[in-house]
Each structure stands twice: as structure tokens, then as C-alpha cells.
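Please keep the sequence and the structure in view while reading.

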Amino acid sequence: EDVRLWGGRFADGPAEALEKLSASVHFDWRLAPYDIAGSRAHARVLHAAGLLTADELRQMIDGLDALEQDVASGAFQGTLADEDVHTALERGLLERLGKDLGGKLRAGRSRNDQVATLFRMYLRDHARVLGGLLADLQGALVGLAEAHPDVAMPGRTHLQHAQPVLFAHHVLAHAQALARDAERLRQWDARTAVSPYGSGALAGSSLGLDPEAVAADLGFEGGSAANSIDGTASRDFVAEFAFVTAMIGVDVSKIAEEVIIWNTKEFSFVTLHDAFSTGSSIMPQKKNPDIAELARGKSGRLIGNLTGLMATLKALPLAYNRDLQEDKEPVFDSLDQLELLLPAFTGMMATLTVHGDRMAELAPAGFSLATDVAEWLVKRGVPFRVAHEVAGACVKECESAGIELDELTDEQFAALSPHLTPEVREVLNVPGALAARDGKGGTAPSAVAVQLADFRTDLDRQ
Ligand code: ARG
């Protein structure tokens with residue numbers, strides 16, 4: 001029997017090549033539970049409009065429940081000939097309820113409003129999963145900060161030693177970025193909580209169905225679509241979701257890059273746990289940061305998914321076009337990749353061994369306290385322009401002598417500038433430099449402790 005939903009005006013079935021091209025059931029099957037939930041809500045609204053008797057509604061719901069179980073157990077599966085998940089499930093319902101009753105459910109809806117609704121439901125559920133995984137990673141970073149509250153490290157700009165910072169401060173910078181990604185997901189969810197059900201193919205339904213009732217039934221806090229054309233044709237919610245996944249990928253890749261560098265012999269800032277690193281098939285000594293490298297690599301893939309999706313959406317005329325079927329695979333892939341990556345990445349970060357002594361030893365190197373010399377002079381009334389020059393001259397002197405700033409003698413300081421009295425040594429040490437930056441957001445242990453406590457509170461509240 002012909003399973004197509006549109007057989008009436010066609011003399012023949014589709015060519016095999018078309019059937020193969022057209023099929024999406026192999027990737028949209030994951031929407032099946034949401035399609036069935038949508039069908040239940042639709043049955044109830046048909047009943048409310050007087051288009052299904054109470055008895056028919058009960059049978060319909062029973063049939064959908066049975067179908068749901070068979071989908072969950074794998075007893076019922078979509079096939080290529082079904083084209084998509086919606087058609088497959090309609091076939092399943094007809095098989096269970098017969099044509100007379102089963103055939104009533106399609107009234108007043110279209111696959112266009114169906115798929116737009118289900119996709120929102122699916123992504124909203126997974127946004128919550130993703131939010132949980134992001135919280136886990138933030139938790140691991142906060143844990144690192146809490147475990148090493150006093151460790152100083154070289155803070156860098158242009159990857160060059162810039163000023164000493166606390167390791168906890170640095171790690172929390174990454175956590176702050178991830179917290180914004182989590183916030184983006186919550187804001188996206190609030191915008192996406194609008195149901196297109198009732199939009200029909202594009203124009204709405206003439207059957208007196210109440211879209212607001214369906215929206216409430218399906219948990220769309222924002223109600224139903226204000227415009228049926230927009231409801232069926234808009235996919236900015238997909239693009240925005242793909243952006244957030246890509247942004248997460250990019251933010252994680254930045255941590256990944258640092259872990260890779262920190263894990264080199266030259267840096268020796270961290271050691272990876274055996275369970276979260278890999279070996280080499282030929283070099284017995286190797287212990288590789290594969291998780292971090294996969295994170296770096298996958299971020300490119302996530303950006304590609306976003307870019308491809310934007311290209312699909314560009315210049316599409318209203319309303320639904322079949323191009324839109326291309327909206328699912330990229331964002332499913334982005335989700336799948338993050339759901340694989342984040343637990344591994346979190347495990348790697350949570351089990352990282354931090355070599356605080358090594359970090360602290362390098363913190364003052366590379367004349368990273370030169371700014372402190374300049375600011376010390378400023379506090380004594382020297383204009384910053386002059387102070388910058390004097391501190392620069394100190395660096396120059398050290399560089400030619402092959403020494404660090406604190407190795408300059410009192411005489412050398414005095415020769416460089418009459419303002420450079422021996423008291424300048426007060427700021428030529430890392431703890432002093434850190435403690436001095438005690439304004440909000442600064443790297444002083446007191447300021448970082450406040451940041452850490454605030455972050456912990458926000459994270460626990462989510
Ligand atoms: N499978 C389609 C999609 O993902 C939905 C079906 C709409 N098809 C149609 N010919 N109107 O967008």
C-alpha cells in the first residue's frame with residue numbers, strides 16, 4: 001500500500017532516485033518521540049474542536065501510546081519508503097488503528113508545522129543536556145581554581161610573558177566564557193519556547209483548532225506562533241543554536257590549546273592523567289593530549305556546521321521550502337559531537353595535575369614585573385611617560401647583563417634614575433605584584449577569592 005501522504009493526484013509512485021534523495025528518515029528518526037507527543041496534543045485539540053469524539057480520542061491516545069512503546073523498543077521502525085519520521089509514524093498509527101480512525105489525525109496540520117515544532121522540542125531538551133555538560137566543565141575549572149588558590153603563573157599577551165597572574169584567575173577566565181555560553185543557551189531557550197503547531201502548511205487552519213492549547217500542552221511557555229508563515233519557515237532558532245554550539249566549541253578549543261602547550265616538556269605546567277591521555281603505537285615514551293586535540297579539531301567542524309546551515313537559509317523565499325530539510329544534520333552533528341566531547345574534556349580537566357612550583361618559578365621571568373616598577377614610580381609622582389621609559393631602561397640594562405630585574409644593584413638602579421631608590425624592591429616580587437591588583441576582577445588573591453565565591457554561587461544556583 002502507498003504510504004505517501006500526497007498520493008491522491010499522482011498516477012505513479014516516485015522514481016527510486018527521488019525516493020533515495022528525498023528520504024530523511026535515517027536522520028530525523030530521533031524526532032519520533034516528539035512527533036508522537038505532538039500527535040497527542042493535536043488529537044486533543046481536534047477533540048476540543050469537535051472533530052474527534054471522546055471515544056475516538058481515547059482510542060487515538062491508546063494507539064499513539066502503543067506506537068510510542070514500539071518505537072522505543074525498536075519493534076516499529078521507519079523505512080526509506082516512508083520518506084520521513086512524520087510519514088513513518090502516520091503509517092504506524094494507521095496500522096494500529098485502521099484507516100478510518102487513524103486517518104483523522106492529519107486534519108488541520110502539515111508536516112511543515114509539525115517538523116518546525118518537533119525540532120524546537122528536540123533542541124530545547126538537548127539544550128538542557130548541553131547546559132548540564134557545560135556546568136560540569138565549569139565545575140571542573142572551578143575545582144582547579146579552588147585546589148590551587150595561591151599559585152602564580154606567567155600571564156601572557158601575544159603568548160609572551162606580560163604580568164604575573166594567579167593560575168586560579170586564569171582558569172576562571174575560561175570558566176566565565178563557558179558561563180556566558182550557558183547563559184546563551186538559556187536565552188535561546190526562552191526565545192525558542194514558541195510553538196508553530198497550528199500554522200498548518202503556511203496559512204493556519206480553517207478547522208477552528210486552538211494553537212495556544214497545543215502550545216501549552218507541549219510545554220511551550222511562550223505560546224504559539226504569532227505568524228503562521230514565520231512559524232513554518234523560520235529556522236533562525238536552528239542557526240542560533242548552531243552558533244551557540246560553535247561558540248562552545250571555540251571556547252573549549254582555547255582551553256584545549258593551552259593544555260596542549262602546558263603539557264609540553266618545555267612548559268611542564270601540567271601532567272595529564274593516564275586515563276585521559278593516549279600513547280603512541282611506535283614511540284613507547286609518548287603520552288599525548290588527544291582529548292584536547294580532538295576538542296581543537298572538532299571546533300572547526302562545529303563552525304562548519306553553522307556556516308553550512310547559514311548558507312542553506314540564505315535567500316530562501318517564504319514559506320516552507322524543501323531546502324529546510326537540510327537544517328537537521330548539521331545541528332544534530334554539532335550536538336552529538338559536543339555530547340561526546342564535553343564529558344571527556346571535563347574528565348581531562350578534573351584530573352589534571354598542576355605543577356604550581358614550575359608555574360611560580362616562571363611567573364617573574366621575562367621582566368614581567370617591569371610594569372610594577374613603572375607604577376611604583378607613578379605613585380611617587382613620576383609621570384607615567386617617564387616611568388615607562390625608566391622601567392624600560394632597567395629591562396635593557398638587565399637584558400645586556402643577562403640578569404633579572406631584582407638582580408640590579410642599588411647603584412645600578414640609582415644610575416638609571418634618581419627616583420629608583422632601594423625601596424623599589426618592594427614591588428619586585430610576584431606576591432607583591434599580585435596583591436597590589438586588588439580591584440574587582442583583578443588578580444590579587446583577595447579579588448580572585450571573591451570572584452571564585454561568586455562564580456561558585458552562580459554555578460550552584462543553575
Ligand atoms: N522532512 C521535511 C523536513 O524536514 C518535512 C516535510 C515537509 N515536506 C514537504 N514536502 N512539505 O523539512
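## Helix 10 and helix 12

Helix 10 and helix 12 are roughly parallel to each other, because the angle at which they pack, about 30°, falls under 35 degrees. The model examined here is a predicted one. Helix 10 comprises residues 236-262 and helix 12 comprises residues 328-350, and their axes are 10 Å apart. Their crossing is left-handed.

On the side of helix 10, the contact is made by Val 238, Phe 241, Ala 242, Thr 245, Ile 248 and Val 252. Helix 12 contributes Pro 330, Val 331, Ser 334, Leu 335, Leu 338 and Phe 345. Of the residues in this contact, ten are nonpolar, two are polar and none is charged.

## Helix 11 and helix 12

How are helix 11 and helix 12 oriented, roughly parallel or roughly antiparallel? Their axes cross at roughly 160° and come within 10 Å. Helix 11 and helix 12 are therefore roughly antiparallel. The crossing of helix 11 with helix 12 is left-handed.

Helix 11 takes part in the contact through residues including Ile 291, Leu 294, Lys 298, Arg 301 and Leu 309. Among the residues that helix 12 supplies are Pro 330, Asp 333, Gln 337, Leu 341 and Met 348. The contact of helix 11 with helix 12 divides into twelve nonpolar, four polar and three charged residues.

Most residues other than glycine have a negative phi, and most peptide bonds are trans.

Ala 319 belongs to the loop between helix 11 (290-313) and helix 12. Ser 268 sits in the loop that lies between helix 10 and strand 3 (270-271).

## Surroundings of the ligand

Which residues surround the ligand? They are Ser 24, Asp 84, Arg 111, Asn 112, Val 115, Tyr 320, Arg 322, Leu 324 and Gln 325. This shell consists of three nonpolar, three polar and three charged residues.

## Annotated domains

An unreviewed UniProt entry lists residues 13-304 as "domain: Fumarate lyase N-terminal". This span is 63% helix and 5% strand, and its end C-alpha atoms lie 36 Å apart.

UniProt also gives, in an unreviewed entry, "domain: Argininosuccinate lyase C-terminal" for residues 367-434. Here the chain is 59% helix and 0% strand, with 15 Å between the end C-alpha atoms.

Notes
Residues numbered from 1 in each chain as written. Predicted model: local features only at pLDDT ≥ 70, side-chain atom pairs only at ≥ 80, totals over all residues. Axes fitted to C-alpha atoms, helices over the stretch in contact; angles between N-to-C directions. Helix = DSSP H or I, 4+ residues; strand = E, 2+ residues; numbered from the N terminus. Parallel < 35°, antiparallel > 145°, perpendicular 65-115°, else oblique. Left-handed = near helix turned anticlockwise from the far one by under 90°. Contact = placed C-beta atoms within 7 Å. Nonpolar A, V, L, I, M, F, W, Y, C, P; charged D, E, K, R; others polar. UniProt positions renumbered as here; feature names shortened; annotations may be inferred. Near = placed C-beta within 6 Å.
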